[in-house]
Amino acid sequence: MDSLKLYLVTDSDILKDRNFYECIEEALKGGVTMLQLREKEASGKEFLEKAIKLRELTKKYNVKFIINDRVDIAMLCDADGVHVGQSDIPANEVRKIIGKDKIVGVSARTIKEAMVAKENGADYLGVGAMFTTTTKLDAKSVTIDQLKAIKKEVKLPIVTIGGLSLNNIEKLKECNIDGFAVVSAILGAVDIKLECEKWIEKINNF
């Protein structure tokens, strides 16, 4: 799945008082290949409003658009897919709602979780947290050996997440993963477009 290469997950808290849509558009201009709307604090109304606007932006830049958790909002804005965690609706149930042509991603930390996700029809796995992260305080860590084991046992594309930065992704080079899900390393940058370009360059040189 080439679209997993540089996978940006939104977090408006990191952007503080910067314009949410302008910052996301800068990231899309910089080469982000997939965008996930994840807004834990947003009301349903606000989440839907953001989803509809980001759907327009992602179409403009031909980037895949994923909604975190909220299958209903994914359907309402015609997103490309949904990403669910272990405590959310199982992938096979999500699939019943969104249909066979949409993307379903599942977070997994163990081989067992990854296997269940595959059996349930997941299209890709989100594995992490690989490194210490401040954007998801309840995130439990995954070792590089665990990542390799999941990659070996479960034949699904994998995107890693959790504290990724341009300084530490070298450690994942040998794992042969399909992409990197980034939050603060991009959204916290002064020049978001330039930061994304640096990420794309580094990933392309892997």
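Is Asn176 buried or exposed? With a relative accessibility of 57%, Asn176 counts as exposed. Welcome to this predicted model, a protein built from nine helices and eight strands. Here is a short tour, from the overall form down to single residues.

**Overall form**
- The radius of gyration is 16 Å, which agrees with the value near 17 Å that a compact globule of 206 residues would have.
- Along the principal axes, the C-alpha atoms fill a box of roughly 40 × 40 × 30 Å.
- Of the 206 residues, 50% are buried.

**Surface and charge**
- The protein has an accessible surface of about 10,200 Å², and carbon and sulfur atoms account for 49% of that area.
- There are 32 positive and 32 negative side chains, and the centres of these two sets lie 3 Å apart.

**A look at helix 2**
- Helix 2 covers residues 20-30, and its buried residues are Phe20, Cys23, Ile24, Glu25, Ala27, Leu28 and Gly30.
- These buried residues pack against several elements, including strand 1 (6-9), strand 2 (34-37), helix 3 (44-60) and helix 9 (192-204).
- At the start of the helix, Asn19 brings a side-chain oxygen to within 3.0 Å of the backbone nitrogen of Tyr21.

**Where Asn176 sits**
- Asn176 belongs to the loop between strand 7 (158-161) and strand 8 (179-182).
- Asn176 is 18 residues from Ile158 in sequence, and their C-alpha atoms are 9.0 Å apart in space.

**Backbone features to look for**
- As background, most residues other than glycine have a negative phi, and most peptide bonds are trans.
- Lys16 is not a glycine, yet its phi is positive, at about 50 degrees.
- You can find Lys16 in the loop between helix 1 and helix 2, and its relative accessibility is 70%, so Lys16 counts as exposed.
- Asp78, which is not a glycine either, has a positive phi of about 55 degrees.
- The loop between helix 4 (71-77) and strand 4 (81-84) holds Asp78, which counts as partly exposed because its relative accessibility is 40%.
- Between Gly128 and Ala129 the peptide bond is cis, with omega near 15 degrees.
- Ala129 is placed in the loop between strand 6 (124-127) and helix 7 (144-153).

Methods: Residues numbered from 1 in each chain as written. Predicted model: local features only at pLDDT ≥ 70, side-chain atom pairs only at ≥ 80, totals over all residues. Heavy atoms only, no water. Buried < 20%, exposed > 50% of the residue type's maximum accessible area, 1.4 Å probe, protein only. Helix = DSSP H or I, 4+ residues; strand = E, 2+ residues; numbered from the N terminus. Contact = heavy atoms within 4.5 Å. Polar contact = N/O pair within 3.5 Å; in protein donor to acceptor, adjacent residues only side chain to side chain. Rg over C-alpha atoms; globule rule 2.2 N^0.38 Å. Areas by Shrake-Rupley, 256 points an atom, 1.4 Å probe, with all protein chains shown as cover. Lys, Arg positive; Asp, Glu negative; His and termini not counted. Charge placed at Lys NZ, Arg CZ, Asp CG, Glu CD.
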